[in-house]
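Please look through the structure below before reading on. The report that follows takes up a few helices and a few single residues.

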Amino acid sequence: MGSTDSKKFYTAAEGLPFFAPAQEPAVGAALDPDSAPALFKPFKMRSLTLANRLVVSPMCTYCSRDGHMSDWHIAHLGKFALGGAGLVFTEAAAVEPRGRISPQDAGLWEDSQIEQLRRIISVVHSQGSKAGIQLAHAGRKASTLAPFISSSVKKTLADESNGGWPNDVVGPSAIPWDESFAVPKELSIEDIKGTVKLFADAAERAVKAGFDLIEIHAAHGYLLTSFLSPLSNKRTDQYGGSFENRSRMLREVVEAVRAVIPETMPLWVRISATEWMEWAGEPSWDINESIQLAKVLPSLGVDVLDVSSGGNHSGQKIVVKQAMHTPFANQIRKALRTAKIQMPLAIVGTITEPQMAKFVAEEGNSAEQTIEVDTEDGASQGDLVLLGRQFLREPEFVLRAAHELKVPVKWPLQYARATPRFTSRF
């Protein structure tokens, strides 16, 4: 290789506090995007473009001290960028200490938590991947032990001796998630307004840290979800009762966050499309209310709706199957199109194989369907595909998917000699 070529391949990636060769195009990018399936086509939101549509879902790992992430997170999250994910979410970051699920959760309630996030983002950016953060408040599901601790001690609640705060757990109403969780204090209207500001403050820190996008966590039974559901929200003021009132806090959080982040920065919201309580014989949060919410969010500045489900009630009867949230996304997408509302959808949940991910993102691909995924027509169910546990099992899932789908993609320059040929082996 001549000196000119050497300089080309050893151009430093911009904006990094360490040396790494620029990955051009990004790792995981299709070398011929025009001929690639939708899963490997670039995806643009506002001023941000992802190299592909495979996304690392936010996953709690319970390895933070006082909300501060560590070098462990660099290793954990960096490997997904090395594996070619178009977007890597860090785990949920609590907007205040009592908003953590466990004492070991990450947070973004003070400026000292920013610097380590910058280091993580630098590693993600070094591979051409983008970095997102999920802002969250655990609400009535706060002050619990990390799962790998609770399973061994047969206990859920983290008390003061474990660093917990069982007497300072909050929610829309004084209704615990179940008998093993703390009984939450009902938030006052002043407290609600203060919590909305905490989300906005955390969003400003996320911008300072260098994140490319922000997601607001309104799923899985945490604070914003519990306000949405009539099962957990029994308030009689302007934050309870009607759909408009129950969704008020989420709408205020969205507006507050959108107001403090750049116009060019995408904003996502994750919801539980249903809380799986239709069987209970009383009103619950279901797909119809999710559709109603989805129609409102774009006007508030939301760019992507992230579709998940469940987590708000211990009596939920979840039907777990492959790509389990595609039927909900299908219904939401149809309703949005009928209303002539444009909003991309992201889908998460039991997506484990490349063909499955390809189908979820492929428009009009039903004729090629080789997996059992519930759909109502051949339209794509989502624009972006999120994986969680599958990435933990297989950090290089994007590269394997490209190999199996016969899509030539960029590998990290440092790993180029390992790039597989299109044979049966990866």
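## Loops, helices and backbone angles

K340 lies in the loop between α10 and β13 (345-348); helices (H or I, at least four residues) and strands (E, at least two) are DSSP runs, numbered from the N terminus. This is a predicted model, in which local features need pLDDT of at least 70 and side-chain atom pairs count only at pLDDT 80 or more, while totals for chains, interfaces and linings use all residues. Residues are numbered from 1 along each chain as its sequence is written, and side-chain values use heavy atoms, with hydrogens and water left out.

K340 is not a glycine, yet has a positive phi of about 60°. K340 counts as exposed, at 73% relative accessibility. The cut-offs are under 20% relative accessible area for buried, over 50% for exposed, and in between for partly exposed (1.4 Å probe, protein chains only). K406 sits in the segment after α13 (397-404). Phi of K406 is also positive, near 60°, in a residue other than glycine. The table lists the accessibility of several residues.

| Residue | Relative accessibility | Class |
|---|---|---|
| Q23 | 7% | buried |
| Q316 | 23% | partly exposed |
| P262 | 33% | partly exposed |
| K406 | 56% | exposed |
| K340 | 73% | exposed |

Q23 is placed in the loop between α1 (3-9) and β1 (43-45). Its side chain makes a polar contact with the side chain of Q127 (3.4 Å). A polar contact is a pair of N or O atoms within 3.5 Å; within protein, one must be able to donate a hydrogen and the other to accept it, and residues adjacent in sequence count only if both atoms are side-chain atoms. Leaving out residues up to four places away in sequence, Q23 touches S126, Q127, K410, W411, P412, L413 and Q414, where contact means heavy atoms within 4.5 Å. P25 is found in the loop between α1 and β1, and the peptide bond from E24 to P25 is cis, with omega near 0°.

Q316 lies in the loop between β12 (304-308) and α10 (326-338).

Helix α8 (residues 248-260) has 13 residues. Its end C-alpha atoms are 19 Å apart, which agrees with the 18 Å it should span at 1.5 Å a residue; the expected span is 1.5 Å times one less than the number of residues. Why is α8 largely enclosed by the rest of the structure? The reason is that 10 of its 13 residues are buried. Among the elements covering these buried residues are α5 (189-209), β10 (213-218) and α9 (287-296). P262 is found in the loop between α8 and β11.

α5 has 21 residues and reaches 31 Å from its first C-alpha to its last, close to the expected 30 Å. Its buried residues pack against α3, β7 (130-136), β10, α6 and α8. Just after α5, G210 takes a positive phi of about 105°.

The axes of α2 (residues 71-82) and α3 (residues 114-126) come within 8 Å and cross at roughly 25°. Axes are lines fitted to C-alpha atoms, for helices over the stretch in contact, and angles run from 0 to 180 degrees between N-to-C directions. α2 and α3 are therefore roughly parallel to each other, a label for angles under 35 degrees. The residues making this contact include I74 and L77 of α2 and I120 and V123 of α3.

Methods:
Angles under 35 degrees count as roughly parallel, over 145 as roughly antiparallel, 65 to 115 as roughly perpendicular and the rest as oblique.
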